[in-house]
Every structure is written in structure tokens, then in C-alpha cells.
Amino acid sequence: MAARGKSGHRVGDADPDEHQALMAVLVADSFNQRFAPITLDKPRALLPLVGVPMLEYALETVAAGGVAKTYLYCCAHSDQIRDYIASSRWAAERNGGGMVVHVEGGSSLRSLGDVLRDVDAKSLARSDFLLLSADGITNMTFCGPLHEHRQRRQRDRNVSVMTMVLSECAPGHPVRCRDDDVVVAVETASNRLLHYQRVGGHGRLKFPLHIFQGFDEVQIRYDLLDPHICLCSPQVPQLFTDNFDYQTLEDFVRGVLINEEILGNQIHVQLLRDTYAARAGCLQAYSSISIDVICRWLYPHVPEAWLRQRGAGLLLGRHNVYRCSGASLGPGSVVQQDTVIGDGTTVGSGCYITRSVIGRNCVIGNNVRLEGAMLWDSVTVGDDSTVQRSVLCDGVVLKPECTVLPRCVLSFGVILGPRLKLAEDTALSLHLPEEARADEEGFSDDETHIGEMSPRGYVETDVGMEGKGYVWCVSSHDEIDGKIASTLWGLSVAEAKELGESEESDSDSDTAEGPATPPPDDTKMFSVEVMDSLQRAVDECVSCENLILEINSSKYAYNVTLRDVTQTLTRLVLELPTLRTGLDAPPVKYLASFKQLLMTWLPVFKNYIKRPSDHLDCLTAVEETWSSLPALHGTIGKVLMLFYESELLDEEAILRWFSQPPSSSNSTALHKDLGLLKFIQWLKEAEEESSDD
Amino acid sequence: MEFQAVLLAGGRGSRLTELTASVPKPLLPVGNRPMIWYPLNLLERAGFEEVIIITTKEVRNQLNTFPALSTKIHLDYQIIPEDSDSSTADSLRLVRKRIKGTRKRNSCWEGGDSTHCIDAPVPIPPKHPKAPQRPQKHHLCSFLFRASGPTKGGPPVWHRCRLTEVRKQDSLATIAGLQQRCPAPEPGVHQVVLGRRTAVHKVTNVLVVSCDLVTDACLQPLVDLFRLRNAALVALVRQVDEPTEPIPGQKGKRPHEQRDFVGLDESGTRLLSLASEADLDDDLSLKKSLLCRFSRIHIKTNLMDAHLYCLKKWVLDLLAEEKSISSVKGELVPFLVKKQFSAPLGQKDLHAFIPADGLAGLAQERSAWDETEAAGRHGGAIRCYVHQLRGGLCLRANTLASYVEANKQVARVLPSLMVAEECLIHPSASISEKSQVGADSMVGRETQVEERTSVKRSVVGDYCVVRLRSKITSSIVMHRVTIGEGCNIQGSVLCEGAVLGAGVELKDCLVGSHIEVEPRVKRTNEIIERMIMI
């Protein structure tokens, strides 16, 4: 290939000593389930990206980078990958003196850590080597970074164990998927990595102070994407062996950073500005990278290189429309832009296609709209169908008049329709969702157990009259399915933006009133414990002294403040009658029940409500409970009256509490409660009378 | 200028107690000038004509009688109550009412290209004998002058051509038209319309500076940044140089100075986060939304805040409302920095303090540009920036170490700050020809330096006497100090009126004011605050 020849030449120009038998370890498994259900049938490395398996991109890149030997580690579906390599041009007999590819591993390897421990056990790494992931798509060359890496190691006597390649990519970019969302701290002068953190759902990011020590300037960067390309020294596999708990690269990076003072190892980063590097970590990134390949951002990895390789003729139209000569386009069909149509595909008349990939031997009917659709090989789309931004795997059949809304996945062989509208974020597979779940105990996603589960009938409302397939996730009401839905595509840009904005306003309110601490779990546990005590006290007539003792011991056990005790106690006693009488019991019954409880436990209350602040705490708890407890609506005046009559609350506290400005909409509503107003009125009058006397 | 300068000189010098026991901090000598001279000089160089000094009664009285305070700037005092322990924010609250809405300033303007008052003055033509003494009412422009262009390096010669009456409502275009209608000048003759007017400026900004700032910086870039970005706050910062020399009277390691964690954007000007090391526990925490907007934050730990701030005037209004803020550096600035990225919250939010900018609002309304998009880099209603000073001298003489450092370095920059005829060695000082006074040293007025003495890298104050065969190296000798015969003073500070007997040897010591040290005393690394007998 042209690209290979070119880069190979450049390698030859560099210092020959440096490139003695450069080796790469290519990991053809991502050790997660984010491409399920597709990966039940095929490993991620073999999924086509613009018609070519992702693995091919990685192999091409390392070959062009002057690597002499590649160890391809495959874990799940290792037989498929072995077969693929054996039949490909990388096979030893067809290679003709190029890069040697050894396929290693098997399903016993369950993490990246296992892979590197295996590398160490077989002592494959004798010098610096490249570590890549098969789903990393890049057109970078390794000479420059490798040279810097080696110089750094020579200068600092092997202190730097690894150079991570990170590419610049603004937050919210579609190529970034949530899993790849990292924030790193890098020292400006030396590019040394000081902190590496996955962002996840944190609204605030914390950076330990010690990382800033000794440096004048540290950059905190959130515009970097980790394509999982590393230049490793031979120490890296050894470190994985020494620390058998390292599972992922992140574990390793964090471990090295934490132990930096003890072991003296450092990690550096190489920032990519001009070249492309990304990782198809989720379907969102997968589809964005596909479009980038079509738009030629990844030159020399461009569609015509791959298509010509298969010997197919190619028509390259304007606006990046690639059409194999064997593909036919019906009259009146428009291919707008950024689209590849594979060989042997027929497109009917009156279709509109834009930003899509259509594989080989597909059949597209008439009047079909494809917008951002990734169609693999042998897909059939019936007349008058629409597919928006979804992935349709090999052999999928859409019967006429189907609509597939964005972010859907139709796995191998699924049949849909006719006349069906598939909601957003739906994944369909011929496998039952239970198969994957049964498999979840083992980390590696990709192995299948087809046939172990008893097949179930297809649901017509899900896949249509003639449809075949099971719904994996429709919405996020099921926890596990929801997780798959959100991670399969990652967050869309708009969603991410919304999230950011809501976060902003949230944290602003925090800062306005000081950092709001979420109620600690202890308080909740304490509340549960006290509730148990109270219920038992009712059932078994426990004496008040013993009840106090129990509450006190719970208080110490969960280390809650006296204030929490008062509030919890008040809340629980207010809630208890509804538990016994039911939520919609008449107010009279509720009041009677409440009065009885209050009278029984009067000494308990007296024990906790003493100071004026306790009165206020108690009232605050009443206020909070009021909003969640409909039984209190209308009876609040009477309830407070009972508190007042039993001399738990004095009028001063109540009036003061009432005169405080309402803090929320709930309390505003509370302040309008007629019963309460009546009671307050009565209190005020009583006070005036007494002062008149 | 639309700026009101405020000089904070009410501090007690709590980190300089050894020295401020006898002299109030603003009057401590740095390079034989009271410390307060330096910020005043800074303001004067920037073109300020008046300044409000917030200080104690004591300092004001002394300043009024101070001989060496050669400054043309008009000093306006705001006295802080003696008894109260007033904070920097309190000082600004005091001064808020005194900042007038407008300010008058006489200036010249030139027709044709400049619409605004000029900070750099245009040469005012000499008064023409035939010109009317005062322009009539409503007359903006009273003279039309023609200057024969600069001939042979000399100043332009001004001729009065015609008296033209320009009414106030006339635009500059009209003036330019008038100019054109004048008789065509000979080639090479430059024609200018010049007038005098009283410019009325609305005071919208406040420049706050601390009295302990010793710097030769130029304020122009800082003010440029402030105006360019329409910022709420611009602070002056400078990289800290690690001092290496020992501090007089302090043993062991130098105390760990509290650093600031300053977060800047890529350009190094926008202030994104600010936290003092003392306020942080183990982590520096940043909002994710901030990182989404500024995905590259440079955290700097080696910047010193020079306590010089350009503020919008509404910040003082905010300060009057927010009673809880007590320190400008510690609370007000971090508060503003944090509020840059928060959405307005209801009525009580500080966005209510920001006066509406009608023009900007109109531009926003008519523009297709989305405010939220623009908010990325220079957006938001509140914007805080820093101006990083590179090179030059910039020190805060608020600790003993930095005070000593300032005295040492000031001889280097003083010549550029002073009036030309002044020099490092006062003309009235009598220095024996057989003595050696280094070029990096200063000697005050009427000080006697006797034979065979050597003064190196030191500052010797006014009315001092340095007797025979003494050596003074890297030291600060304040006013009215007597140093006996054959003394050897190294890296020390001798406060006002100290008397050293013959043969005293001091290394890294601090001698309190009016202390007499007996002859032949040898001390290293001590604070001498009582009489020493052998």
C-alpha cells in the first residue's frame, strides 16, 4: 500500500540503531461490554469501520510505523481473530518479509493486566515496545514520540517507564465517549504526567495538592482524549507482574503515580496536535470516526485505499461520496455527502442518503432515507423506510415502512417490521438479554453461550409481525439495560451540554450557601434503626426509659448529632400513624393515633427537646415532613396544638418559626395552610391576653 | 482618567513587628525614602493627579511634615479610626462614599483624529497675545492654530490663523471641515485645530494599591488589559524569586510561605481560579463546567499577588452590601473569581450591582452571535484577569525578608524612578575620599562617612555617622545611626537612632531603634532589642 511504503521510507531515514526490532503489543479486546449485543457474535476488533475491520487499521498503523513484530493478543472470540489473521495478508506465508504477526492469548486472559503479565511471563518485551488497542484508530507516526521517549529514558536513567499518547480533542466532541473522558494534570516544562482521572459523573474534580509541589506551572487539561496508545519500556510488564491487582491501564497509571516517591517511576505524555487518534470506545465514537475516515481526516487511511485493495472499481464523487463500481443507484436517488456505498449494493429509486456507510451486497428499496446510518454487509432495507444514526449489522432486514430513530443497534440477523417505528436507544439482538447477563460474571464480554438459554417467542410490538429479535433496552427503567443504553452510544453532544449546564447551576447554589453536604448515610441508617425501635416499642410496650436508651445507643453507633436525633424522632413519630392506619386514613383517625403515640412517648420527647434550638429543630422537621406526608395537610394546626399542649413546644418558638421567611415553595405552601393559620392566630391572641393581664 | 486611585496605608505591619514598633509601616525607609513613596511614584508615573490615602492619623501627620516625599500628586487623606482593627475591605468601604461620580480634568484635544481626551499630553501652544483671554460660553474651541511643522528638530512654531467659533454641538467632522476651509498652508506646514477644554470623566473604576508595593512597573499594560476586556478586576502578579540570603535575626530554615494556586487560561491572563494554600485541605477542586469551558487550565504556584487591583466601581458597592468580606486579597478577589462562572441567581445576586451597559445590550440584541457561545473565552458579565509582570522589580515589603530584599534591590531601579538631579549618594553627605562606597549603595543626606570605611550593597540613611575603618556589607542602616570605629556589619538591619560602639561585629542581626550596643560586641543571627553589656 502506498501509505505503508511512504512511512517505511521515513523510518529508514532515521537512526537505524533506534529501530532495531521494534515490537508492538496489540490488544484485540476491550474487556468491556459496551458493544454488546453486537460483540456476542463478533469481537470488537473485527467489526467493520467503513467496510474494514478495525483491527486492520491498527495493524496498518503499526506496520507503517516500522514495527517488525506484532503480538496480537486476543481474548474473547480468539478463534475468530486467529482465523481472520490466517486468511489475511498478515499471515506469515502471504506476508513476504513484512511485519510478523503472532497471535497470542485466549479466553483465559480477562484484562489488560493479564495480557501484560503474559507478555512478562513469556519475556516478549526486551526493549521498548508499543502498546495499542485494536479499536484505536490513528494515523500518527511513531518515530518522533519514540525518539523522545528513548531520549528521555537515556537522560533520566530509565525513570520514565511509559509515554502515553494523548490527542487533543475539545470537551463534548462526538469522538469523545464518556468512558474516555479523562482529566489529566501535566507539568508544562517536561510533559510529565502528574494526575490521571476519569471524570465520570463528578460535578467537581479534585486534584491532590502534592501534585503541584515543586512545579511552577502545572496544566490541567480536559481537552485530551486517551486513544490507548502507549510507548512502554520493558519495566511495564514487570510492574504488572509485581502488582497482580492491576487490571486496566488506568490502574497501572494511578499505581505508578501513587508510588512515584517510593519506586521513582514516572510517566510522560506525548500530545498529538496535527495527527488523528481516537478510540472507538462506544458507538457514538464509532460512528463519528467512520465519518472522519470518509472525510479523509485519517489519511492515509481513506476509503479508496481499502476498496481498491479488494480490486473493486471506485467512483469518487464530490462531497466525499464513494461508490464502488459494482453498486447501483436507482433513478432519483440522491447521495448528499460523506457516504460510502459498497460493492454489489443496489439502491432503489427516490432514496436520500447522507453521512452513511453502506456495506457490500446490501439491498436498499425505494424512497428510503438514510441519515448517519451505518449499514454493514448484506443488509436489506425495505421501501419507504428511514434509518437515522443507527448501526445495522450484517444480515439485518428492515421490512418496508420501518423507521429506526437515532442511537439504535440492530445486531446480526435481526428482522424488523413491517410498518414499525423503533424508538431511540433501542438495541435488538437474536440473543436473549439473559445470555449476556449470565456471562457478566466473567469480565470479558464477547464469549457467547448460544443455545444454552431456551428461546423465547419474539414480541410482536417490539419487532413487528415478521420480526425476529429481542429488545435489549428501550428505556432506562431497568437498571442494567439502562446502563447499556447510555454507554452504548455515550452521551450525545446536546445531552452532555445539558448535563454541564444543570451541573453549573447546581454547584452555583452550592457555592452560594457553602458546600452543601448530602445527608450522610449514617443519618439514614440511624433513622431506620430508630424506626425499628419505635415500632417495637409500640408492639411490645417498651418503657420510655428503655426506648431512650435504645435511641441513645443508636445515636452513638451512627455518630449523629443531637439535632439529627430530634429531627428524626419528630419525623418518625409524625409518620408512624400513617404506617399503622394507612396513608389515606381520615384525619380524625390520624390525629387520634398520633395523640396516643405522643402521650405515650412524652418523656422521650422531653428528654430530647429542651433548649430553644431544639424547639426550632423539631419545628423544622415538622415542616419537612409536612410536604411528604399528605395526612398532615389540614391537620398541621391540630398537630402543633398537641405539641403545644403537651408543653413540648412553647409559643415563642412556634411564633418565631412561623415568622421566619419561608425557605422553599413547600414551606410557602405550608404557611398558607388554614389550620396552621388558625392555630397561629389563636396563639397570638392568647399571648396578647396574657400580656394584657 | 476614569480611575480613582486608592492607596491602602492603614496596615499595622503585623509581619514586620520588629521594625514597626517605632515607625509606622508606610514610613519605613526603603532606599532612604518612606515606603509609601514607591506606590505614589507608581501612580504619578501613570499620570494620576490625585490619590486617596487611607491611613491612620499618626501617619498623616508625619507624612505632612515629611521632607523627602517629593511627589507632585495631590494627596487626599481618609483617616481610619485608631481603635478599630480595620481590615482592607473596611478601608475600601470607608472610601466608597468619597469617590465622586465625576472628575474634571483640563486637557487639550486635537481635531481630526482623536475624539477623546489624551493621557499623553499634546503640546499646548503658547498663548497668543491676540487671543481672547477666555473663550466665550459654549465655545468648545476657541483657536485655530497653524503650526509650521517641526523645523530642524526644534519645536513647532505656532501661528494663530483665524479665530473660529465652534459650538459645542459641532461634531469633529465639522471641525475638520473648518480646517479645510482655512487658507491652504504652504507645503510642509502642519495644520492643527487645538482647543482647551475641561474634560469631565465619569469615575467608573478604582485602582487599589497597597503601601508596601515597591516596584518600577509600568501600569499602562495593566490598564490596557482592564479596558480591552472590560474586566471587573485586573490584578498585578509577578513570579516569585526564591530568596537565598538569610533573614536577619532568624535562625534555621526560613518559614514556609503560603502559596497561592492561581489558575489561568491559555493566554495567561484570564483568572479562572484562585485559592490560597492555607484554605485548601488536600485537594484543589475545580468545577467540571469550568473545565468544559476552559479545557486547559494552567495552575501556577509561583505567582505573587502584588496587591494592586483595578476594580470596577460597582465592586465597592458590592463590598458595602457584603458585610462578611473582610479582606480584599483573601476574600473579595476569590469571591469575584468564583462568581465569574455562575449564572445570575435572583435579585440578591451580585449581577444586580453591575450597571447595565446600554450599548453592549443593544449590540447583543442586534447581533446574531449567541451569548452562551461567546461566553466561552471572554464572556460572562464578570471577568477577572491578571497582568503578569516579567522582569523589573516588584516586591511587597511586608515581611522582614522582603523588606531587606527590597532595600537591596532598590538601588538598581531608583535612578529610573527619581527626578534626574537626584542620585544615590545625597550631595550633602560628606564622604571621605579614602573610603569606598560601592555603586550599588546609597548614602543619605548629611551623613558622614569617615576614612578607610567600606560600604557595599547597603543603604545608609540620613544624618548617620560611620566612623573610621568600618565595614558595612549588605545591610540597612536607617536614619541617625552612629557606627563606631572599626565595626563590621554584615547582612544586618540597624533601626533608627541605633548607636554602635567601636569594634562591634554583627552578622545577620537586627538592632532595634535607639539601642546602644557596647563596644566590641560580637553577635550573629540575633535580634538586639535591649542594651547589651559585655
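In which sense do β11(A) and strand β17 of chain B pair, and over how many bridges? The model is predicted, so local features require pLDDT of at least 70 and side-chain atom pairs count only at pLDDT 80 or more, whereas totals for chains, interfaces and linings use all residues. Residues are numbered from 1 along each chain as its sequence is written, chains are lettered from A and ligands numbered from 1 in the order in which they are written, and side-chain values use heavy atoms, without hydrogens and water.

β11(A) and β17(B), residues 283-287, pair in the antiparallel sense over 5 bridges. Strands are DSSP runs of E of at least two residues, helices are runs of H or I of at least four, and both are numbered from the N terminus; two strands pair if DSSP finds at least two bridges between them. Within this pairing, Arg204(A) has Lys287(B) as its bridge partner.

The interface joins 32 residues of chain A with 31 residues of chain B, contact meaning heavy atoms within 4.5 Å. Together the two chains bury about 2,800 Å², 51% of it on carbon and sulfur atoms; buried area is the accessible area (1.4 Å probe) lost on being put together, summed over both parts.

Across the interface, the rule finds 3 salt bridges, each a side-chain nitrogen of Lys or Arg within 4 Å of a carboxyl oxygen of Asp or Glu. One of them links Lys300(B) to Glu217(A), with the closest N and O atoms 2.8 Å apart. On the side of chain A that touches chain B, β11 (204-208), β12 (217-221) and α15 (493-512) each supply at least two residues. The largest share, 8 residues, comes from α15(A).
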